[in-house]
Amino acid sequence: MRGFLDYVAGDSILHRLNPITKIILSLCICIACFASNNLIFLVGIIGIDLVFGAVGHVFDKAVSLLKGLVKISIFLFIIQVLFVHSGTVLVPLPFGLDITLDGVVLAAKVVLKIIGATMPLALLLSVTQMSDLSNALVKKLNVPYQYAFTFTTAIRFIPIFADEMAGIMEAQTSRGVEFDTKNIFKKLGLILPLCVPLLISSVKKINSSAIAAEVRGFHLRNRTSGYKDYPIAGNDTVAIFLSVLLVLFSLYLNTL
Amino acid sequence: MITFKDVSFSYTPTVTILRDVDFSIERGEFVAIVGSNGAGKSTMLRLMNGLLKPGVGEVFVDDLSTHTNKTSKLAKRVGLLFQNPDRQICCNTIAEEIAFGFKNLELPQEEIDATVADIIEDFGFDGARDPFSVSRGERQKIALASIIAVAPEIIILDEPTTGLDYRECIHIMDKVTALNETGTTIIMVCHDMELVLDYAKRVIVVAAGQIIADGNAHEVFRDTFAMQTASLLPPQIIELATELGGQFEQADTVEQIVDIVKARKAV
């Protein structure tokens, strides 16, 4: 999943959509995921996410993102299954930890909702430049530039911190700390002391970033500063319409 | 001893970083690996302690293959000093930081305390001080001291003098040289050719993932083809000696040039 938040340059229809449309589209897919309880619909949403990946020429990235999310979801699925005990017992287990039909269905729904809702947000960042995202938020939604900048900076820093953490773990492994162990619990225990170097390097990076922004006139920026305009075109209207339709369809499915 | 046997490595299927690299470094050597940015030097260092595993070929630390031995196990034999000391430092005091490497060695506490005290005295640290509150050069020294404390047979230095002033740089290099004189193998990646000439006995030149020159510093820096291929400039003293030619051609230090000039004057 390394680099899954990085922008991939291109000229697909998704790249050309207005950043605000892309935000609305992603949010509508998220809302539809969390509003729906229909398993087939949730699987369909993941299919739509993959189609978006293909249309935006980031299909490989979408598939690797899906694989990463599936790996994380397995853990969540197991926990969920072990904590729901109502319904028909499928596999009897000791200590009252029976695996039930209700547990499996609920776990599947939770996992599918999380996968379906996460993918569009990550894909949105693959087809939208951060500067366009913050400028469109400022110009179209009147979000103060400081807040838009904070939002995009937070996203931009995720892969930077991930790289930093990987570097710290590499350095500690070289000192004999067993980060190369296959025991996940031991590994988690070893990660805790590394919060200190990560925190310190993060604060340093953020401080440098803040100074760099200040010296480039950050406090002077407002709605009128950007020269690029973000008009809502025909494609955007259609995309917004379809997004709203998707949410309504998910709500309709719940009434059946 | 470190041995690379026909090693090739790539991070992605399309770009090969190292290609058919084959060499060995004997115990007690002081080797510098030089080359332009992106040549594959740091990748080579990470292959040496098993942080990276070769795609093709094998890397051995003594007789241990990095394929089958974990980096944390190899750490007892190979210490790696990173360019950025802040990734390595993780304790609240300098004394704790230096003692950190002993956690995995199961040594008696008295022995650990004595070694830490010796190292602190040798480097002139205040053991109770927070390692993050000192200067960049001091932090680099703390990182080096914590590696030296566990006495690995091989010490690898990834651009150890980056961001240091001349005095700090010389201090670190003198420590490293002292270790080399007691039998520790030193392997360093460095962009400062003057420093390489002053300290390294053997120089390996890497360009586009391949070794294009390997020999003593005196020969390698005079290999114009290798220097040009790797986009490197030899140290100024070598350039001067080469330009002067004749008796000066073999001179590597200011003292040698001065001696030749004095001898000529006397004649």
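Over all chains the count comes to 18 salt bridges by the rule used here (a side-chain nitrogen of Lys or Arg within 4 Å of a carboxyl oxygen of Asp or Glu). This is a predicted model, in which local features need pLDDT of at least 70 and side-chain atom pairs count only at pLDDT 80 or more, while totals for chains, interfaces and linings use all residues. Residues are numbered from 1 along each chain as its sequence is written, chains are lettered from A and ligands numbered from 1 in the order in which they are written, and side-chain values use heavy atoms, with hydrogens and water left out.

**Interface of chain B and chain A**

- In this interface, 23 residues of chain B are in contact with 20 residues of chain A (contact being heavy atoms within 4.5 Å).
- The area buried between the two chains is about 1,900 Å², of which carbon and sulfur atoms give 52%; buried area is the accessible area (1.4 Å probe) that two parts lose on being put together, summed over both.
- Of the area that chain B buries against chain A, B:S72, B:R87 and B:C90 supply 30%, more than any other three residues.
- Five salt bridges are counted between chain B and chain A.

**A salt bridge between the chains**

- A:E164 forms a salt bridge with B:R87, with the closest N and O atoms 3.3 Å apart.
- Because A:E164 lies in helix α7 (residues 145-174) of chain A and B:R87 in the loop between β6 and α3 (94-99) of chain B, the pair joins two chains; helices (H or I, at least four residues) and strands (E, at least two) are DSSP runs, numbered from the N terminus.
- A:E164 is buried, with a relative accessible area of 4%, whereas B:R87 is partly exposed at 22% (buried means under 20% relative accessible area, exposed over 50%, partly exposed in between, with a 1.4 Å probe and protein chains only).

**Salt bridges within chain B**

- The side chains of B:R139 and B:D86 meet in a salt bridge at 2.6 Å, N to O.
- B:R139 lies in helix α5 of chain B and B:D86 in the loop between β6 and α3 of chain B, so the pair ties together parts that are 53 residues apart in sequence.
- B:R139 and B:D86 are both buried.
- A network of salt bridges links B:R27, B:D62, B:R77 and B:E153.

- A:T21, in helix α2 (residues 19-35) of chain A, is buried, with a relative accessible area of 0%.
- A:L242, found in helix α10 (residues 234-255) of chain A, is partly exposed, with a relative accessible area of 48%.
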